[in-house]
Amino acid sequence: MSNSLVKNQIVEVTIEDITTDGNGVGRYNNTVIFVPMTTIGDIINCRIVKVLKNYCFGIVDSFVKLSGDRISPDCEVFSKCGGCSFRHIEYTSELKIKQTWVENVFQRIGNVSAEILPIVSCNGRNYYRNKAQYPVGRDSNGKAICGFYAKRSHRIVPYIDCKLQPTIFSKIVDFIIEHINNHDGNLKVSPYDEISNTGELRHIYIRQGYHSKQIMVCLVCKSNISKKLKYLTESLVHTFNEISTVVLNINSKSTNVILGDKNITLYGKGYISDTMCGNVINLSPMAFYQVNTSQAEVLYSIAKDFANVSKDDILLDLYCGTGTIGLSMAKDVKHLIGVDIVKQSIDNAKINAIQNGISNAEFFCGDAGIVASKLAKDGLSPDIITIDPARKGCDRLAIDTIVSMNPKRLIMISCNPATASRDCKIFQSLGYKVQKVQPVDMFPCTAHVECVVLMTRK
């Protein structure tokens, strides 16, 4: 059936579902229409803004009836910023939506018949992030602005009081932008222009230890301007006692990637420390660390429970980051081996093991599949393997190598249920059974949900 809708046509639509990127889903004459900032139960007059062969995109022209799940957004840039998808929905309803996503994707993509446990909620919707990366740009007058990217764009929404970040972050960012706009001459730091690839300051990246309250400020610049940044660094440290270190990261490439390869410590040690599951963890700028610390501790406790470790077990932790997952179980196993492709993460992991008195752990830097394959050829036979891949999931080499090691239990932690279910389907075909899946809401108000999956050898 051809799509009869045309651009700017207004039709009445009832929102029946929510996509995994947060758009409402309605139908008109059997044509699917995706509408942002709506929720299940909304009845709207929808203006069609884009027509494709089998579906359309629309926006709300007016509301006919509001859903009972709807609340008033508590952020003035919610409709412009691409950070939050669910600030207009009650939290209990958001949890139901995410639970349904996980159930559907594991059944539809993974053909998994395992038990999907009720989602674990978060203890707060606001101020839970321990990290923020603010793009810096220029306004029409050439002045520095800072904020967040609009959805699916690199257009900066100049707003820093994000309710997902600690309030001190916005104070630090405001201080830096004010300094840039009020100093000339030798102290002048020019904001970056992405289109022309000119200017100096590209991003302001801030990280804070949830328990320690230590703050790292990382200034991502196009070149080494450490002399220009000396006064700004001194002013920051003098104004904010919580700042433990200031780092200059150099990214000279015309790229969407935020961080470059080189760091120069301007103040402090170049890293901060925090506590995760009772272990002291060092965090360098490039090291992976879950952005919601308190909920990550819940996540890792579930993973440990699923792993059911014993003192005789060898544990292989793939995509280990700074070692947080493996180190949370290290004292209860015979031996821990961690693998990650980011050198700074592995450097941190090694230090983290030493400073926590963990002597039965070793860490390797490299691609998870390649390193695991080498370990397998060297005779490694782990009893338990934990996997925490990026959103794209595991590559086939990693999966085949994991299976060749014949572990009795696999624990997958995933930030993308779609790729997790895809990988679980492959593991099932290779002799493993998915026993249970635990959804965990790590990122309230956003269209993200984490999962812990237990697989056992058939």
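User: How many of the residues of strand 18 (residues 314-318) are buried?

Analyst: This is a predicted model, in which local features need pLDDT of at least 70 and side-chain atom pairs count only at pLDDT 80 or more, while totals for chains, interfaces and linings use all residues. Residues are numbered from 1 along each chain as its sequence is written, and side-chain values use heavy atoms, with hydrogens and water left out. Helices (H or I, at least four residues) and strands (E, at least two) are DSSP runs numbered from the N terminus; buried means under 20% relative accessible area, exposed over 50%, and partly exposed in between (1.4 Å probe, protein chains only). Strand 18 is mostly covered, and of its five residues the number buried is four.

User: Which residue in strand 19 is the bridge partner of aspartate 317?

Analyst: Two strands count as paired if DSSP finds at least two bridges between them. Strand 18 and strand 19 pair in the parallel sense over five bridges. In strand 19, the partner of aspartate 317 is glycine 338.

User: Which residue in the turn between strand 12 and strand 13 has a positive phi?

Analyst: Strand 12 and strand 13 form a hairpin with six residues between them. A positive phi of about 65° occurs in the turn, at lysine 213.

User: Which residue in strand 12 stands opposite alanine 132?

Analyst: Strand 12 also pairs with strand 8 (residues 131-138), in the antiparallel sense and over five bridges. Opposite alanine 132 stands isoleucine 206.

User: How far apart are the C-alpha atoms of isoleucine 215 and aspartate 383?

Analyst: Isoleucine 215 is found in strand 13 and has a relative accessible area of 0%, so this residue is buried. Along the chain, isoleucine 215 and aspartate 383 are 168 residues apart. Their C-alpha atoms are separated by 38 Å.

User: Which are the edge strands of the open sheet formed by six strands?

Analyst: The six strands of this open sheet follow the order 1-5-6-4-3-2, and the pairing is mixed. An edge strand here pairs on one side only. This applies to strand 1 (10-14) and strand 2 (17-18).

User: Which residue in strand 4 stands opposite tyrosine 28?

Analyst: Strand 3 (residues 24-28) and strand 4 run antiparallel and are joined by five bridges. Across from tyrosine 28 stands threonine 31.

User: How many residues apart in sequence are the parts that the pair of aspartate 42 and arginine 70 ties together?

Analyst: The structure holds 13 salt bridges, each a side-chain nitrogen of Lys or Arg within 4 Å of a carboxyl oxygen of Asp or Glu. One of them joins aspartate 42 to arginine 70 at 2.6 Å, N to O. Aspartate 42 lies in the loop between strand 4 (31-35) and strand 5 (43-51) and arginine 70 in the loop between strand 6 (55-65) and helix 1 (91-108), so the parts tied together are apart in sequence by 28 residues.

User: Are aspartate 42 and arginine 70 buried or exposed?

Analyst: These two residues meet in a salt bridge through their side chains. Both aspartate 42 and arginine 70 are buried.

User: What is the relative accessible area of aspartate 332?

Analyst: Aspartate 332 and lysine 304 meet in a salt bridge of 2.7 Å, N to O. Lysine 304 lies in helix 4 (residues 293-307) and aspartate 332 in the loop between helix 5 (324-329) and strand 19 (335-340), so the pair ties together parts 28 residues apart in sequence. Lysine 304 is partly exposed at 29% relative accessibility. Aspartate 332 is partly exposed as well, with a relative accessible area of 30%.
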